[in-house]
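My notes follow, in the order I made them.

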Amino acid sequence: MRNPRVRPPETALRICVKLRQPGEGIGAFPGTAMIDLRSDTVTRPSPAMREAVAAAPVGDDQYGEDPTTNKLQDHVAALLGKQAALWLPSGTMANQVALRVLTRPGDDVVVSPESHAVWHETGGSAANAGVQFTVAGKAGVFTAGEFAAAVKPRGHVIYPPTTLVEIENTHNRAGGVVFPQGEVERICKAAKERDVATYLDGARIWNAAVAIGEEPATLAAPFDLVGVSLSKGLGAPGGSLLAGSRERVDKCVRHRRMLGGAMRQVGLFAAAGLFALEHHYERLAEDHGNARLIAERLAGSPRVILDRATVQTNIVVFHVTADAPDGATIVTRAKERGVLVFAFGPRTIRLVTHLDVSRGDCASAADILRALIES
Ligand SMILES: *Cc1c(COP(=O)(O)O)cnc(C)c1O
């Protein structure tokens with residue numbers, strides 16, 4: 001697996017070669033022989049989470065009879081300060097359902113550059129909701145002024161009407177940046193004045209809340225509908241929720257069914273979600289610290305282009321200069337040395353920290369990456 005010609009730094013050598021023999025694994029996660037920084041979705045349920053799943057009372061959720069799902073929905077609604085919440089299998093489906101509830105086919109939706117809706121949902125928004133997107137701002141965020149300039153008016157003989165603004169917080173492709181809350185409030189106010197609905201793609205809203213020391217309800221308050229994920233940094237095996245007014249969430253129920261996402265004994269997932277919210281929320285701060293540690297070590301390299309100001313949560317996105325190996329080569333060589341990363345572009349790499357990588361893992365990974373980028 002590892003290239004014997006290139007010696008990893010001493011710490012990396014110790015962790016990768018001595019502790020991580022093939023098939024040996026680490027800690028509570030047997031079989032994890034790699035430092036996997038591809039995404040915070042790669043975490044596996046811990047023994048304690050599995051116990052919570054095994055013990056959960058369940059029922060048929062389509063009759064509203066799954067007590068654990070009902071408990072999770074009530075809990076998340078309260079956390080987000082909304083009347084109601086609905087469980088869905090994935091964050092992508094949550095985003096799709098939100099579009100169908102808040103727009104009509106042919107409508108225009110204002111989003112940030114490189115948003116999940118545009119890049120990571122395989123064109124679902126066009127296929128399912130029939131909407132088009134207008135991109136505003138830069139580096140994952142936009143201002144109320146940029147939003148207002150992007151809005152196309154209703155009733156125009158030529159323009160598609162802008163009926164929704166979607167904010168992604170934290171913003172994945174921009175490097176996990178937190179959307180400034182003051183700007184969120186100004187945008188949502190400007191939207192209301194124009195009869196434009198508001199949606200928060202808050203798959204990682206927990207990271208944003210922890211990073212800035214705010215309650216999730218505060219971050220969710222300005223929005224008509226809010227989508228959150230349990231399977232990113234919180235480490236549950238699946239599940240997202242949509243939260244909003246009772247009336248809007250009731251409408252989501254039908255669209256979830258239309259998209260094939262209405263399930264039965266969902267309490268097995270909901271139990272993992274409740275466990276994750278209880279035990280894995282506060283510790284998100286550790287992931288943020290680990291991402292900063294990696295960023296600091298990488299940013300010291302003359303071949304790494306990394307804006308430290310973007311490293312606000314658990315994601316590190318960086319570029320490499322023309323004299324460095326390209327993204328695909330970095331991914332391959334890192335894998336040979338026991339580190340998994342993701343290439344976002346020809347010379348762009350993304351790393352994500354999560355509860356299955358320790359501070360030591362992250363330090364080693366940063367040293368391994370820096371050495372191979374400079375080799
Ligand atoms: C992961 C993610 C989603 C989609 O979640 P899935 O469960 O992977 O479908 C939506 N929005 C953002 C910002 C995400 O990072």
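Grid points are joined across faces, edges and corners, and a volume is the space filled by probe spheres set on the points.

I also noted that this is a predicted model, where local features need pLDDT of at least 70 and side-chain atom pairs count only at pLDDT 80 or more, while totals for chains, interfaces and linings use all residues. Residues are numbered from 1 along each chain as its sequence is written, and side-chain values use heavy atoms, with hydrogens and water left out.

How many cavities of 30 Å³ or more does the structure hold? I found 1. The largest cavity has about 30 Å³ of space. Its lining has 10 residues, with R44, P45, S46, H280 and L355 nearest the centre. I sorted that lining into 4 nonpolar, 4 polar and 2 charged residues (Ala, Val, Leu, Ile, Met, Phe, Trp, Tyr, Cys and Pro are nonpolar; Asp, Glu, Lys and Arg are charged; the others, Gly among them, are polar).

Next I turned to the largest pocket, with a volume of about 360 Å³. It is lined by 18 residues, and E114, R173, A174, V317 and H319 are the closest to its centre. Strand β10 gives the largest share of this lining, 3 residues (helices, H or I of at least four residues, and strands, E of at least two, are DSSP runs numbered from the N terminus). By class I have 9 nonpolar, 6 polar and 3 charged residues in the pocket lining.

**Charged pairs.** Side chains of opposite charge can pair when their charged atoms come close. I searched the whole structure for salt bridges (a side-chain nitrogen of Lys or Arg within 4 Å of a carboxyl oxygen of Asp or Glu) and got 20.

Among them, R204 and D40 meet at 2.8 Å, N to O. This pair links distant parts of the chain, 164 residues apart: R204 is in the loop between β6 and α9, and D40 in the loop between β1 and α2. Are these two buried or exposed? R204 is buried at 4% relative accessible area, and D40 is buried at 0% (buried is under 20%, exposed over 50%, partly exposed in between, with a 1.4 Å probe and protein chains only).

I then checked R297 and D367, whose side chains form a salt bridge at 2.9 Å, N to O. R297 sits in helix α13 and D367 in helix α15, so the pair ties together parts 70 residues apart in sequence. R297 is partly exposed at 31%, whereas D367 is buried at 19%. I also noted one network in which salt bridges with shared partners join K189, E193 and R194.

**Surface.** V157, I158 and Y159 form a nonpolar surface patch with about 390 Å² of accessible area together. Patch residues have over 30% relative accessible area and no salt bridge; like charges are joined within 9 Å, nonpolar side chains (Val, Leu, Ile, Met, Phe, Trp, Tyr) within 5 Å. Areas come from the Shrake-Rupley method with a 1.4 Å probe; for residues, only the protein chains shown count as cover. I158 lies in the loop between α7 and β5 and is exposed at 69%.

Terms used. On a 1 Å grid over the protein atoms alone, a cavity is a set of points where a 1.4 Å probe fits but cannot get out, and a pocket is an open set with protein on both sides within 12 Å along at least five of seven lines; lining residues have an atom within 4 Å of a point.
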